[in-house]
Amino acid sequence: DEDQAATLISKYPGVNWIFAPGRDVFALRSLGVRQAREDVVVMTEDHCLWEVESLAAYSRAYQERPLSIGGAIVNGRGESSFAWALYFVEYANYSPDLLMTHKPPLCSANALFPNSLLQKAESVWKNGFYDNEVHDAVAGQTWDVAPEAVVSSKLSFSLREALVHMNVGGRRFGGYRWIHSSLPKRVALKFGAWLIPLVMWFRLLVKVGQTGSQFWSSTPYIVLLYSAWALGEFQAYWGPKEEGDSALKS
C-alpha cells in the first residue's frame, strides 16, 4: 500500500517501489525482475536480514566468475523447535557449510542472476518466479556458490500457514516434475508418493542430523511439513491437471 510505504519511500529515494496489491510472492518476484535494468539481479525476501559484507562478497564472486551465484542462509529464529523445523525444511541446504559441499539449486531468498540470462528465460518466470523452474532454465550446470554472501532468515509462518505453503509448493513442484518425467517415472511417482516424507526426512538426516539437538527436537514438525508437501505432490500426480500446467512445459 502506497500510504503505508510513504516513510520507506522518503527514506530510500533511490529504490524503485512497485505497488501490486493482491499478488502472491511468485508474481511479485516476476514484477521485480521485469523492472531490472542492470547487469545482475540479486534476489531476496522480506524475512531475510543481510550480513554487512554480503553484497560485496557477491560483487567479488561475480567479477571472478560471471555466473548465477547462490548465497548462504542461516537461521535467525532459534527460539523454538517449530522455528528450527521451518529453517530445516526450507533452507538447511543453504547453511554455509552445506552450501559448499552440496551446491544446492539457486534459491530466491539469496541468489544472484545475470540479467541477460533471466531475460532470455522470460517465458519461464513471466507469470510467476518459481525457484526450481528458473534454476533449470538459467543455471543448468553453470552456477556457483558464494558462502560469504549470507542472509539470516526470520521466517515466521504459523503452523497452519506453513502447512498450506508446503502443500501449495508440493503441488506446483509435482506438476512440474510430472510434465518432465518419462512414463516409467510417472508410474513410480504415482505409487511411491507416500514415501516422500520419509525420503525427504532421511536426506535431511544425512546432511544435518549430526549438527545438534535442534534437528531431533524439531523432527515431528519436520515430518508434518514434509507430509503436507507430499500431499501436494500426491494431488498433482493423481488429481486433475490444472489449467496452468501447460506453462510448466516451457
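This report describes the strand, helix, ring and single-residue arrangements of a predicted model.

## Basis of the description

Residues are numbered from 1 along each chain as its sequence is written, and side-chain values use heavy atoms, with hydrogens and water left out. The model is predicted, and local features need pLDDT of at least 70, side-chain atom pairs count only at pLDDT 80 or more, and totals for chains, interfaces and linings use all residues.

## The sheet

Five strands make up an open sheet of mixed pairing, ordered β1-β4-β3-β5-β2. Strands here are DSSP runs of E with at least two residues, and helices are runs of H or I with at least four residues, numbered from the N terminus. Two strands pair if DSSP finds at least two bridges between them. Strands β1 and β2 (48-50) form the edges, each pairing on one side only. From one strand to the next, the twist averages 35 degrees. Axes are lines fitted to C-alpha atoms, for helices over the stretch in contact, and angles run from 0 to 180 degrees between N-to-C directions.

Helix α3 (residues 54-64) lies across β1, β2, β3, β4 and β5, and runs at about 175 degrees to β5. Contact means heavy atoms within 4.5 Å.

Strand β4 (residues 110-114) is mostly covered, with five of its five residues buried. Buried means under 20% relative accessible area, exposed over 50%, and partly exposed in between (1.4 Å probe, protein chains only). Asn110, Leu112 and Pro114 are buried on one side of β4, and Ala111 and Phe113 are buried on the other.

Strand β1 (residues 40-44) pairs with β4 in the antiparallel sense over five bridges; Thr44 has Asn110 as its bridge partner in β4. The pairing of β3 with β4 is also antiparallel, over two bridges. Ile69 stands opposite Leu112 in β4, and the bridge partner of Gly70 in β4 is Ala111.

## The aromatic cluster

The whole structure contains 15 aromatic pairs. Rings of Phe, Tyr and Trp (its six-membered ring) pair if their centres lie within 6.5 Å; planes under 30 degrees apart count as stacked, over 60 as edge-to-face and the rest as tilted. The ring centres of Trp201 and Trp216 are 6.1 Å apart and their planes stand at 70 degrees, so this pair is edge-to-face. Trp201 belongs to helix α11 (residues 196-208) and Trp216 to helix α12 (residues 213-217), so the pair ties together parts that are 15 residues apart in sequence.

Trp201 is buried at a relative accessible area of 19%, whereas Trp216 is partly exposed at 44%. The rings of Phe215 and Trp216, with centres 5.2 Å apart and planes at 85 degrees, also form an edge-to-face pair. Phe215 is buried, at 0% relative accessibility. Ring pairs join Trp84, Tyr87, Phe88, Trp201, Phe215 and Trp216 into a cluster.

## Packing of α8 against α9

The axes of helix α8 (residues 131-138) and helix α9 (residues 159-179) come within 10 Å and cross at roughly 35 degrees. Asn132, Glu133 and Asp136 in α8 meet Arg172, Phe173 and Tyr176 in α9. The residues of this contact comprise two nonpolar, one polar and three charged. In this division, Ala, Val, Leu, Ile, Met, Phe, Trp, Tyr, Cys and Pro count as nonpolar, Asp, Glu, Lys and Arg as charged, and the others, Gly among them, as polar.

## Selected residues

Arg77 sits in the loop between β3 (68-75) and α4 (81-91) and counts as buried because its relative accessibility is 19%. The Arg77 side chain makes a polar contact with the side chain of Glu79 (2.6 Å) and reaches the backbone oxygen of Leu155 at 2.6 Å. A polar contact is a pair of N or O atoms within 3.5 Å; within protein, one must be able to donate a hydrogen and the other to accept it, and residues adjacent in sequence count only if both atoms are side-chain atoms. Not counting residues up to four places away in sequence, Arg77 touches residues including Trp84, Leu86 and Lys154.

Pro96, in helix α5 (residues 96-102), is partly exposed at 30% relative accessibility. Leaving aside neighbours within four places in sequence, Pro96 is in contact with Ala72, Val74 and Pro147. Ala139 occupies the loop between α8 and β5 (143-153) and is buried at 4% relative accessibility. Beyond residues up to four places away in sequence, Ala139 touches Leu106 and Val134.
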